[in-house]
Amino acid sequence: MRLPTDVLRDEHRVILVALTTLERAAERLAAGGPLPGGWWEEMLDWLRAFADRNHHAKEEKSLFPAMVKAGVPGDEGPIAVMLEEHVQGRLLIQAMASGGDARRSSTAREYVHLLRDHIAKEDEFVFPLADSVLDDQAIAAVAREFEAVEIEQGRDASIDCQEVVMKRLGEALG
């Protein structure tokens with residue numbers, strides 16, 4: 001059985017591609033270059049759907065509560081930091097949805113920096129911690145909850161589908 005943290009790491013891989021693509025778009029905006037029509041909105045929709053409603057939801061509704069149940073503090077320490085960074089990311093996505101190109105560019109760069117650091121913390125510390133504190137029964141329960149999210153969200157939760165979307169968005173930038 002694949003561990004739930006393996007699923008999250010696979011999703012991180014796709015999110016990191018999205019961050020590189022977003023960073024390229026931010027650089028283009030900062031240089032005064034245009035983006036393809038609808039590109040910015042599609043990228044933000046992708047971040048909301050895959051990075052937040054799929055990936056972060058799995059962490060917030062399944063993995064982190066299971067870790068708390070296993071004895072990891074939830075109101076302080078790594079889980080509290082991860083949850084606060086999820087909130088910060090959502091606020092930055094909201095900010096990227098409005099304003100001119102300069103504001104979008106600087107906010108996108110801030111978002112990219114936040115999420116890259118966030119992913120590194122999860123991959124290097126939080127997920128190994130989860131793997132060490134969750135017993136087989138808890139791992140199986142979290143895996144079932146992840147499957148339920150993926151069934152509910154369908155295509156929005158599919159890594160293969162989201163890789164195709166990221167490839168297309170990247171190619172659209174040229």
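A residue is termed buried when its relative accessible area is under 20%, exposed when over 50% and partly exposed in between (1.4 Å probe, protein chains only). The model is predicted, so local features need pLDDT of at least 70 and side-chain atom pairs count only at pLDDT 80 or more, while totals for chains, interfaces and linings use all residues. Residues are numbered from 1 along each chain as its sequence is written, and side-chain values use heavy atoms, without hydrogens and water.

Two aromatic pairs are present. Rings of Phe, Tyr and Trp (its six-membered ring) pair if their centres lie within 6.5 Å; planes under 30 degrees apart are stacked, over 60 edge-to-face and the rest tilted. W39 and W40 form a tilted pair, with 6.3 Å centre to centre and 40° between the planes. W39 is buried at a relative accessible area of 2%. W40 is buried at 3%. W46 and F50 also form a tilted pair, 5.1 Å centre to centre, with 40° between the planes. Both of these residues, W46 and F50, are buried. They lie in helix α2 (residues 39-69), four residues apart, about one turn of the helix. Helices are DSSP runs (H or I, at least four residues), numbered from the N terminus.

D52 is likewise placed in helix α2. Its relative accessibility is 16%, so D52 counts as buried. The side chain of D52 makes a polar contact with the side chain of H56 at 3.2 Å. Such a contact is a pair of N or O atoms within 3.5 Å; within protein, one must be able to donate a hydrogen and the other to accept it, and residues adjacent in sequence count only if both atoms are side-chain atoms.

Notes: Helix = DSSP H or I, 4+ residues; strand = E, 2+ residues; numbered from the N terminus.
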